[in-house]
Amino acid sequence: MATIKDIAEKAGVSSATVSRVLNYDETLSVGDDTKKRIFEAAEALDYTKYQKKRAKKKGKLAIVQWYTEKEELDDLYYLSIRLGVEKRAEEEGYEVIRFFQDTDIDTTADIEGIVAIGKFSDSQIERLTGWTSSICFVDFDLLDRKLDSVVVDFEQAVHSVMDYLTKKGHQRIGFIGGQENYGDRSSTPVDKRSILVGNYLRRLSLYQEKHRFIGSFNVTSGYHLMKQAMEELGDDLPPAFFMANDALAIGALRALQEAGISVPEQVEVIGFNDISVAKYVYPTLSTVKVYTEMMGEAGFDLLMDQLESNRRVAKKITLSTDLILRESTT
């Protein structure tokens, strides 16, 4: 694992700044450019795949991200996927054009294909596929529309967490999740984690609506949702919480620490994604490891397969996950 010093040297900042940024210290006043350097350095140092020699330039690829650059810093999941795509593109000699949610997409640009990261509305999908038919969606299952997709096995991931917690004897399990909107605000995508957790607990007659809290997928929301849970539930606060992503979990840990509730002795916390930051917070975060860099690589490789074989049959790649246990669980 890369050290704080390693990240500081790569990002060109002090170790103290790195530590405070990785722990989402709200009292630290640094710009988004500095945060971006630190987070990208942490992700890059965590990326252990052998890198090939850089190939000769072959053309341009577009990466379309459903997040803004600022939102990427709040939820490193999509930043990590993007870096996976970019590293493979660099290895294979492709120039990358990045488009974020709040930037205009130049659909007249001459490109070989698109890797689209995140969730997109029907009108957005039509616009992208109208630009080029060579496209792969990462973290969005569009196989039913005959479009290449790379996704995570959410059912396996959620069951691994819930099996772990229920086998430890937990009868009350809290869930803190997030809700998102498509970039054009046309509708709200469904978060499978929330549905799967609810279905799992209902099968065991353990589901309680009062133990479910939904906000946004960021640290601030996790902090406020845990404070809400503590205020509303009091002594009935569940001794275990499953968070829909690591950013929510990091915020929840801070709220618990401020309230003097020890983790994991009084409340166990499990996140989702295993972003690089999860190893640097205190206590270190137990989480579901999603192989985000591999998702980006797989999206790039599916796109290359389209371009090289000229196939017309859509493919979907589903990646498994691993439950990583650290200090936030006993």
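## The enclosed cavity

In this predicted model, the largest cavity is lined by E43, D46, S80, N273, D274, I275, S276, K289, V290, T292 and E293. The space inside the largest cavity comes to about 60 Å³. A search of the whole structure turns up one cavity of 30 Å³ or more.

Two helices, α3 and α11 (292–309), each supply at least two residues of this cavity's lining. By class, the lining of the largest cavity divides into two nonpolar, four polar and five charged residues.

## The largest pocket

Turning to the open spaces, the largest pocket has a volume of about 600 Å³. It is lined by 34 residues, and K119, F154, V190, D191 and K192 are the closest to its centre. Helices and strands both take part: two or more lining residues come from each of α5 (76–91), β5 (148–152), α7 (154–167), α8 (192–203), β7 (212–215), β9 (268–273) and β11 (316–319).

Which element gives the largest share of this lining? That is α8, with five residues.

About 310 Å³ of space lies in the second largest pocket. Its lining is made by 17 residues, and those nearest its centre are Y24, D25, E26, K35 and D74.

The elements that each supply at least two residues here are α2 (15–22), α3 (32–46), α4 (69–74) and α9 (219–233). Seven nonpolar, two polar and eight charged residues make up the lining of the second largest pocket.## Overall build

The protein has 11 helices and 12 strands. Its radius of gyration is 20 Å, close to the 20 Å that the globule rule gives for 330 residues, so the protein is as compact as a globular protein of that length. Taken along the principal axes, the C-alpha atoms fill a box of roughly 60 × 50 × 35 Å.

Buried residues account for 55% of the 330 residues. Among contacts between residues at least 6 apart in sequence, 72% join residues at least 24 apart. The accessible surface comes to about 14900 Å², and carbon and sulfur atoms hold 46% of that.

## Backbone details in the loops

One joins V263 and P264, with omega about 10°, and P264 sits in the loop between α10 (246–258) and β9. Another joins Y282 and P283, with omega about -10°; P283 is in the loop between β9 and β10 (286–289).

The loop between β4 and β5 holds D139 and also K146. Phi is positive in D139, near 70°, and positive in K146 as well, near 60°; each is a residue other than glycine. Are they buried or exposed? D139 counts as buried because its relative accessibility is 5%, under the 20% cut-off, whereas K146 is exposed at 69%, over the 50% cut-off.

## A buried serine

S134 lies in the loop between α6 (122–131) and β4 (135–138). With a relative accessible area of 14%, S134 is buried. Leaving aside neighbours within four places in sequence, S134 is in contact with E112, G113, I114, L303, Q306 and L307.

Notes:
Residues are numbered from 1 along each chain as its sequence is written. This is a predicted model: local features need pLDDT of at least 70, side-chain atom pairs count only at pLDDT 80 or more; totals for chains, interfaces and linings use all residues. Side-chain values use heavy atoms; hydrogens and water are left out. On a 1 Å grid over the protein atoms alone, a cavity is a set of points where a 1.4 Å probe fits but cannot get out, and a pocket is an open set with protein on both sides within 12 Å along at least five of seven lines; lining residues have an atom within 4 Å of a point. Grid points are joined across faces, edges and corners, and a volume is the space filled by probe spheres set on the points. Helices (H or I, at least four residues) and strands (E, at least two) are DSSP runs, numbered from the N terminus. Ala, Val, Leu, Ile, Met, Phe, Trp, Tyr, Cys and Pro count as nonpolar, Asp, Glu, Lys and Arg as charged, and the others, Gly among them, as polar. The radius of gyration is taken over C-alpha atoms; the globule rule is 2.2 Å times the number of residues to the power 0.38. Buried means under 20% relative accessible area, exposed over 50%, partly exposed in between (1.4 Å probe, protein chains only). Contact means heavy atoms within 4.5 Å. Accessible areas come from the Shrake-Rupley method with a 1.4 Å probe; for residues, only the protein chains shown count as cover.
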